[in-house]
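Here is a short tour for anyone meeting this structure for the first time. Take a look at the model, then read on.

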Amino acid sequence: MITYLEAIRAAQAKALRDDPRVYIYGQDVGAFGGAFKATKNLASEFPGRVLDSPLSEDAIIGSAIGAALAGMRPIVEMQFADFSTVGFNQIVNHAATLFWRTGHSCPVTIRLPSGGTAGAGPFHSQSLEALYAHYPGLVVLTPATVEDAYAMLLEAVAIDDPVIFCEHKYLYYHLKAAELPSEAMPVGKARVARHGRDATIVSYSAMLHEALAAAEELATEGWEVEVVDLRSVKPLDTDTVLASVARTGRLLAVGESFPWGGVTSEVLARVAAEGFDLLDAPPRRLNARDTPVPYHPNLWGTHRPTAVTIAGEARSLLNF
Amino acid sequence: MPVPLEASANPPTNAPLMDRFRTGYRWMLLARMTEEKIASLYRTGKIVGGVFLGKGQEALSTAVGMSLRKGDYLAPLIRDQAARMAFGEPLLDTLRTYMGVRSGPMRGRDGNIHRGRPSEGVLAMISHLGAMVPALAGVLMAHRFQGIQNTIGATCIGDGGTSTGAFHEGLNLAAVERLPMVVVVANNQYAYSTPNTRQFVCNDLVDKALGYGIDGHSADGTCLQSCLEVLQLAADRARSGHGPQLVVASLLRLTGHGEHDDGSYIDPLLRKTPVGRDCLKLAEEKLLANSWATPAEIALWHSETQQQIEDSVAVTLREPLPDPAHEDWCALSNRHLAEG
């Protein structure tokens, strides 16, 4: 069995093996193998191509931009997604604007270990996909499966534009697959993860698994809930979402990030604008609470959506 | 006939000072006169956005451009008209970008000093100061990965920019990686309106080099000879494996922050100190005093430069402006991933 984390490591090894333009740069990614071991043994397997950086998020990303302009394909690791805000300027104002401004593409892959785990607290738990998706010029990926973590990371490196790769820390060790995929759906296509006819739950990343568990629970009550995995939040595959809502007539969008704006809002706005006549009930959204992510598991467990709260929200939707 | 002014024809670094000084003066002159024309176009409404000029900084900026060779990289900042030209950026790139015409490198999508041609070694600056320091470091890391040897990079910043986190992070990273990078600080005494007394308290910005474990050099930013000599030393040391080089040049911005700003906050007493001298005037005096050029020669350089600028402006004014109906509104090079 291979874990989500091992898939990320394997994808990086393959990228390094297949493409001499690839190098990895970030804090503790070298001999230590990364805070989560996503680059374990890569420094010794690929000497001189997996480098420890100073504690300098701006310079890590800024240097990757320069290297990409000079023909490289950098993969940079932000030790936690939360810390990418220190490099935010380089991401949104520099990497994201280069192709539009100069016609020169900027192929950097920025890995963001994202999302909450018990005890991680306000600064090691955030999900920032909405922040980056807001900016033109970026591709934002949110893999929810071992297969996607592997295939989409390889595709991220191959894409000529800057890619924000939101890998979920909660899935690192829990999620397992029998083998790595030999082929995968392309970036930009959502996937129906569970078929149903009564309602559509749209989700991504770790929340997909909470949504699937909620669907399982609702099935015991006789509801057939369809679950859509967005896979990438930018581009956002509106067609697949609309097609699902056309089948079910009901929509619940679930995300782990903060409630103001964001991916769930975008999904609802698009369905309301383009598929209003498909809806049999007001669409709903469920997100984390509007506070910083709490430290203690008792608080954290109710801060973000869970299978229980998703099922409760879905019941309200189904009974409308 | 004078030698045509082409970056590819810059005298080699081991050429006699007179030759390099003469060429440097002509780049300074071209930059100054180009910017005077840009200011005039701005005042007549031909340029819509901001205009940020390098008056008083041409000696330093020219020396930066002339210290580089083909294959090197330049990450200029807002007062580097001279460095750009001396490194090979065509005059038309400047005018086309300021006018926003479709034929320019930025095609009306970005303007003025944000222009660049990354594939030709000129990075396109963003407005956030310090950001280009790590970017240039990345270019030089790429060259190391690719086995490209003997190339260096130079980037410019002001006194205010040295206070940013990006400047610190970038310079420290370059020092750790021992990259062949020259970071040039034009200490022009003001960051927009903020005087140095509100910017830093170290005695001299060049002292920062010690903290980064790199070489530091001071130059008289009003003196072309000093700038040429110091930049050449810094470039040579970077090229020969001595790691990043910090150059700090003292001078005074002889204009506002931009053309919208009259610079009334600049202490008039500063203008009377050595730092407030006009580097172009000093260079001209030196040419004549050393008999490195005749008055007639200098007059000819002026008239030829003026003609070159007028011809290029005439070309640019006839070129088509961007058209929103025909604009390609796509921010990704992978079109199929764009949301549109």
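B:R107 counts as partly exposed, because its relative accessibility is 26%, and a residue needs over 50% to be called exposed. Keep in mind that this is a predicted model. You'll find B:R107 in the loop between α4 (91-99) and α5 (132-146) of chain B. What is the phi of B:R107? It's near 55 degrees, a positive value in a residue other than glycine. Most residues other than glycine have a negative phi.

B:S291 has a positive phi too, about 55 degrees, and isn't a glycine either. This serine sits in the loop between α10 (279-289) and α11 (295-317) of chain B. B:S291 counts as exposed, because its relative accessibility is 60%. Here are the two side by side:

| Residue | Phi | Relative accessibility |
|---|---|---|
| B:R107 | near 55 degrees | 26% |
| B:S291 | about 55 degrees | 60% |

Staying with chain B, let's turn to its sheet. In what order do the 5 strands of this open sheet come? The order is β1-β2-β3-β7-β6, with parallel pairing. At the edges stand β1 (73-75) and β6 (215-220), each with a single partner strand, so one side of each has no neighbour in the sheet. On average, and ignoring direction, neighbouring strands are turned by 20 degrees against each other.

Zoom in on β2 (residues 153-158) and β3 (residues 181-187) of chain B: they run parallel and are joined by 6 bridges. As one example, B:I157 has B:V185 in β3(B) as its bridge partner. Helix α6 (residues 165-177) of chain B packs on the sheet, where it touches β2, β3 and β7 (245-250). The direction of α6 makes about 145 degrees with that of β3(B).

Over in chain A, there's a helix pair to look at. How far apart are the axes of α9(A) and α10(A) (residues 263-274)? They're 10 Å apart, and the helices pack at an angle of about 65 degrees. Their crossing is right-handed. On the α9(A) side, the contact is made by A:T238, A:V241, A:L242 and A:V245, while α10(A) brings A:V267, A:R270, A:V271 and A:E274. Sorted by type, the contact residues are 5 nonpolar, 1 polar and 2 charged.

One last stop is the loop between β12 (232-234) and α9 (238-248) of chain A, where A:P235 is found. The peptide bond joining A:K234 and A:P235 is cis, with omega about 5 degrees. Most peptide bonds are trans.

Technical notes. Residues are numbered from 1 along each chain as its sequence is written. Chains are lettered from A and ligands numbered from 1 in the order in which they are written. This is a predicted model: local features need pLDDT of at least 70, side-chain atom pairs count only at pLDDT 80 or more; totals for chains, interfaces and linings use all residues. Side-chain values use heavy atoms; hydrogens and water are left out. Helices (H or I, at least four residues) and strands (E, at least two) are DSSP runs, numbered from the N terminus. Buried means under 20% relative accessible area, exposed over 50%, partly exposed in between (1.4 Å probe, protein chains only). Axes are lines fitted to C-alpha atoms, for helices over the stretch in contact, and angles run from 0 to 180 degrees between N-to-C directions. A crossing is left-handed if the near helix is turned anticlockwise from the far one by less than a right angle, and right-handed if clockwise. Contact means heavy atoms within 4.5 Å. Ala, Val, Leu, Ile, Met, Phe, Trp, Tyr, Cys and Pro count as nonpolar, Asp, Glu, Lys and Arg as charged, and the others, Gly among them, as polar. Two strands pair if DSSP finds at least two bridges between them.
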